Each structure stands twice: as C-alpha cells, then as structure tokens.
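Me: I have a model open and a few quick things to ask. Can we go through them one by one?
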Amino acid sequence: MDALTISVQAGAPHHNEGDAMTMTAESDGHQVGTPPPDAATYDQLLALARHRRSVRAIDPHREVPDETIDKILEVARWAPSAGNAQPWEFLVVRDAETRKRIAELYARQMADKREMQEAVWGHRDHIGYTGFRHSPVFVLVLGDPRVIDAYPVRTALEKGESHFVTSLAQATVFAHLAVASLGLGSQWVSDVSSPYMSTMIKSWLGIPRHMRIYDMFGVGYPAVMPAPTSRRGLDEIVHHERYDQDRSRDQEAVERFLWDDTLLGGFRSNNGLKGRGPTEGPA
C-alpha cells in the first residue's frame, strides 16, 4: 500500500517557512493523524492543563528572556482559527515605564468596576487584582477584524464577530498553556479591551485604529502559586444523545456554585485566590 504523506510547514519564530514535518500512513499500522513522536502525550497535556493557573503574584526580580517569549508566541500562532484567518498579532512590552502606565490605567478603571460590583452584589471584593504589574513582560493580544472576509459570506454576516473573538481566544489559551509548560506564570488582563483602556493604550503604543486589543497577559516567575480551583465533574456536564433534564441545575444550585466555586465568592471553597508560597507545601 502506498504511503499517504501530509506535509505541514512548521516555521520558526519570525519566519514564514521552515522544515517540513511529515505524517505518513503506512501499511505497518501507522495511522493518519498520529502525532509525531516528540509530541506531548495525552497524560502530559492533561497534567499541564491541571497545573496551569492564573498567577496573580509575580516575582519582580526575575527576568524572562526574549527567547522564552518567542517560544510562548510560537505555540500561540499554531492555534486554530476560523477560516485559518489567523487574526492575531502580539505586542510585547518590556519598557518599565510603559508597563507602569498600563498598570496605573488599569487601577483607575477599577474604581467604576468596584462601585458597580458593590451595587449589584453587595461587595467589591475580588475585583481588580494588579499582581500582573510586577511581570517583567506584558503581551498584548491584538486582532485584525479585516480578516473576517476569509469566512464564507453568510458566516461572516451571521457569526463573523464571534468567530473572530473565539479565534483570538484560542491563541490566548495556547499562550497561557505554553507559559505554564515553561514553569512561568501569567494572568489574564481582559480589561485592556474596554473602550477606555484600549483607546489609551492604542494611542500610547501606536497601534493602528483598525486593530483591536483583545487581551493582555503578564509573563513572569510565580512568587506564589494559587491553589487549584475546582472543576465540575464529567458526570455533571456530559450528556449522551439527548440532554438529561434530571441533571439540570436549578437556580439554587447555580447560585451555590457561583458563591462557592467562582470569582464571585472569591473561590472560597478553594482557599481563596492567595494561594501558597513555595515553602508552604503542595496546593
């Protein structure tokens, strides 16, 4: 039986071409789609997903070299995207004064956010953590909405915006997993996409008006590793063939979950957001 060979161009950072990787279906039992020998196994991927945290306490005294940031963004650029439109670009910020200005801008925006939180939920706790400010590197995730034209016409009209956003989210998640795989920490800073913050940052950093700021994350070495947060069990979230109404949560169950296991209640069933230092034992 003839071999079926699929070639994929795997580029190095900053280049469009590179060595070809091949996956071959042979008569000896090798199947199309089998990962290359050096790919992570399922168990390794699951362990990494379980290990990853949003780290809100970064060691300000340890630098992260450019080569490490390149590794993170090399993973991010291999994320799937709608229509392979690859809407992402990344702006790496190292300048200390610029990082300080961004962190101060974030803190100013938090005043209104905390007031709104208290008006609706009766408290302003767990809002506006600025631990990311100690990260030696900020990475802004930018999106170019002009690539929505890559989608089929009807798709672009009906779901262009959601496909654009989910594509950027994929790249961001890939980046966070890469950060965790390298023993580093990162924190989502989604507030940078607000009209106020994005307008100011785009002005400061010369970002073209047509580009959007989707997200930002700081990268650094954890000073404190948060305790693991809970996850709903597969038996709660997986249905087969038809939705099992007997497992549908009532409002009381949802509210209990919100206050015990999410940011709303400060993850109180998981020892909060503070986490544990390196000498305090496993989380």
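Predicted model: local features only at pLDDT ≥ 70, side-chain atom pairs only at ≥ 80, totals over all residues.

Me: Where is serine 181 placed?
Reply: Serine 181 sits in helix H4, which covers residues 153-181.

Me: Is serine 181 buried, exposed or partly exposed?
Reply: Serine 181 is partly exposed. The relative accessible area is 48%.

Me: What does the side chain of serine 181 reach?
Reply: The side chain reaches the backbone oxygen of alanine 178, at 2.7 Å.

Me: And how far is serine 181 from alanine 47?
Reply: In sequence, 134 residues apart. In space, 9.9 Å, C-alpha to C-alpha.

Me: New topic, strand E4. How many of the residues of E4 are buried?
Reply: 7 of the 7, across residues 137-143. So the rest of the structure largely encloses E4.

Me: Which residues cover each face?
Reply: One side has Val137, Val139, Val141 and Gly143. The other has Phe138, Leu140 and Leu142. All of these are buried, so both faces are covered.

Me: Which strand pairs with E4 over 6 bridges?
Reply: Strand E3, residues 88-93, in the antiparallel sense. Valine 93 stands opposite phenylalanine 138 in E4.

Me: What stands opposite valine 141?
Reply: Aspartate 215, in E6.

Note on methods: Residues numbered from 1 in each chain as written. Heavy atoms only, no water. Helix = DSSP H or I, 4+ residues; strand = E, 2+ residues; numbered from the N terminus. Buried < 20%, exposed > 50% of the residue type's maximum accessible area, 1.4 Å probe, protein only. Polar contact = N/O pair within 3.5 Å; in protein donor to acceptor, adjacent residues only side chain to side chain. Pairing = 2+ DSSP bridges.
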